[in-house]
Amino acid sequence: MDEIEVRELAPSEYGKWDLLVEKASSGTLFHTSDFLGIFRDVLSKDLRIYGCFRNGELVGGCPLFVRNFKGILKIGSSISNMTHYSGPLIMESASSKVSKRVQDTHEILNSLREFLCKQGFDSINLVFSPGFEDIRPFTWNGWNSSVRYTYKLDLKENIDNNISRKIRREIKTAEEAGLKTRVINDPDTYYRLFSLVYEKQNLEPPVPKEFFERVFKLIQEKDVGYMFVSETPEGEAVASHLNLYGKKCTVTWSSALNPAYGRMGANSLLYYNEFLDLKSRNFEYMNVMAANVPRFADFIMGFSPKLMPFYIVSYYSKRCSLMRTLHDIVYEKTE
């Protein structure tokens, strides 16, 4: 068996990384150097992309955002603000034998795990894409694991047979109010709606406007997604989704709704018309990232989605584990 070499990629090698993202079944836009670069540049993140090489060929790897917590702990995470997953990738084995495919997967992931554990991290958090199922090289070696969920709306099915009565009523309400839907790519409109969501909760948005300006620029230059809105008859956008293209699917990555129009059915109309539009363009499903927040999950259930799990693995050094234990003890005593 040829040994796997793991090292940090130079920026000049990011093109090779993007080819791996394109070829790997679990590769997503969130993994691409363009998307990761937005976080690095706009949010001043320390980005590292680690690559796994076999005989000089890039066969796996993982992006990691690195930070020092109060100058004490070195922390690495494959996700940042506004990203649900962006963990390890592998070049799937072409072998017809299950045992060989598993062996190749484990060899790459074990090499990656061993490398990361030698980099002096006190905490590492890796969030795998939906569909990446075998995380055993981590859990078999003492890493903690947990599960999150996303929703899969099957575009091959008949939406009218699957939506609930509540959603039907909301769509009717929206149509009677004269709401229409269309595609526009306008960062100003999106950020206005996005900010209203947080303003209602007396919170600051998790990312600045420049972040979305960069995302929209990427969408325009490389055709990697689109913005869908619900508008009043006067042309005011009251609800919007940012959808990113995936492999045979779209990812409903970020959504925003003017709270003043929350009871008008704008969001239900948006999803319904998106479904019909994507179905006509031969996409297979919508990946709706709304399954981990109860009120969002309850709403999407009205469209009869399928639940899809994705996995998280975490590593803690002895020092970090001790600090976590002490924190929990102090927290319990103050309750």
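A salt bridge is taken here as a side-chain nitrogen of Lys or Arg within 4 Å of a carboxyl oxygen of Asp or Glu. Lys222 forms one with Asp34, with the closest N and O atoms 2.5 Å apart. The model is predicted: local features need pLDDT of at least 70, side-chain atom pairs count only at pLDDT 80 or more, and totals for chains, interfaces and linings use all residues. Side-chain values use heavy atoms, without hydrogens and water, and residues are numbered from 1 along each chain as its sequence is written.

The protein divides into domain 1 (4-148 + 310-333) and domain 2 (158-303), with bounds from an automatic or database domain assignment. Their C-alpha centres lie 30 Å apart. In contact (heavy atoms within 4.5 Å) are 22 residues of domain 1 and 20 residues of domain 2. The two domains bury about 1800 Å² between them, 71% of it on carbon and sulfur atoms. Buried area is the accessible area (1.4 Å probe) that two parts lose on being put together, summed over both.

Two salt bridges are counted between domain 1 and domain 2. On the side of domain 1 that touches domain 2, α1 (14-23) and α2 (33-42) each supply at least two residues. The largest share, seven residues, comes from α2. Helices are DSSP runs (H or I, at least four residues) and strands likewise (E, at least two), numbered from the N terminus.

UniProt, in an unreviewed entry, lists residues 164-289 as "domain: BioF2-like acetyltransferase". Such annotations may be inferred rather than shown by experiment. Over residues 164-289 the chain is 44% helix and 26% strand. The end C-alpha atoms of this stretch are 20 Å apart.
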